[in-house]
Amino acid sequence: MRVRELLTPERTHYHLQGVSKKRLLDQVAELATRDSPGLSEQEVFDALIARERLGSTGIGEGIAIPHCRLASCSKPLGLLVSLAEAIDFDAVDSRPVDLVFVLLVPEDNPEQHLKTLSHLAALFNEPAFRDGLRQATSAAHLFSTAVDSEAELRLAS
């Protein structure tokens, strides 16, 4: 599943104040549920925290991809956040995180969850994609950079 199928302009946030991993997950739970009436902010937060307890979703190079499966989630959705200041996320390379892509998927489709997660990890592993996101100057610019990525087109072909 491509970024353009997961992300909306309303779920793209530029230079959010993160403060800490837990506070950021609380913020993204609230932001993710704003335009998803079937989702509970507390349920999203609890699921993201539970996933982080299994191991950090900080994949390195300043990137984190917090993700979870939810019974109340009717379709996969993403939330993209650039942080005003990088925060500690217990990433595999110990680098602080400044780009976060939250992935929420229906509980009943683990295969789609894994495929989408794998695609996102490969995409964020592309230096040109990461650099483009980091050069964005607004939420609209961040969104268009994410959904119109040439790196993603190369991965998809």
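Leaving aside neighbours within four places in sequence, Arg130 is in contact with Glu61, Ile63, Leu99, Phe124 and Asn125, where contact means heavy atoms within 4.5 Å. This is a predicted model, in which local features need pLDDT of at least 70, side-chain atom pairs count only at pLDDT 80 or more, and totals for chains, interfaces and linings use all residues. Residues are numbered from 1 along each chain as its sequence is written, and side-chain values use heavy atoms, with hydrogens and water left out.

**Around Arg130**

- Arg130 is found in helix α5; helices (H or I, at least four residues) and strands (E, at least two) are DSSP runs, numbered from the N terminus.
- Is Arg130 buried or exposed? With 7% relative accessibility, Arg130 counts as buried; buried means under 20% relative accessible area, exposed over 50% and partly exposed in between, using a 1.4 Å probe and protein chains only.
- Gly62 sits 68 residues from Arg130 along the chain, and the C-alpha atoms of the two are separated by 8.9 Å.
- Glu61, one of the contacts of Arg130, lies in the loop between β2 (58-60) and β3 (63-64).
- Glu61 is partly exposed, its relative accessible area being 35%.
- The phi angle of Glu61 is near 60°, a positive value in a residue other than glycine.
- Asp90, in the loop between β5 and β6, also has a positive phi in a residue other than glycine, near 55°.

**How α5 meets α6**

- The axes of α5 (residues 127-134) and α6 (residues 139-147) come within 9 Å and cross at roughly 165°; axes are lines fitted to C-alpha atoms, for helices over the stretch in contact, and angles run from 0 to 180 degrees between N-to-C directions.
- The two helices, α5 and α6, are therefore roughly antiparallel to each other; angles under 35 degrees count as roughly parallel, over 145 as roughly antiparallel, 65 to 115 as roughly perpendicular and the rest as oblique.

- Leu142, Phe143, Thr145, Ala146 and Val147 of α6 are buried.
- The cover over the buried residues of α6 includes α1 (3-6), β1 (12-16), β5, α5 and α7.
- Ser149 lies in the loop between α6 and α7 (150-156) and is buried, at 5% relative accessible area.
- Beyond its neighbours within four places in sequence, Ser149 is in contact with Leu123 and Phe129.

**The nonpolar cores**

- The largest nonpolar core has 27 residues, of which Leu24, Val28, Leu48, Leu70, Val100 and Leu104 touch the most other members; such a core is a set of buried Ala, Val, Leu, Ile, Met, Phe, Trp, Tyr and Cys residues joined through side-chain atoms within 4.5 Å.
- At least two residues of this core come from each of α2 (21-33), α3 (41-54), β4 (67-70), β5 (77-87) and β6 (97-106).
- Helix α2 gives the most to this core, with 6 residues.
- A second, separate core of 22 residues includes Val105, Leu142, Val147 and Ala151.
- Not counting residues up to four places away in sequence, Leu70 touches residues including Leu39, Val44, Ala47, Leu104 and Val105.
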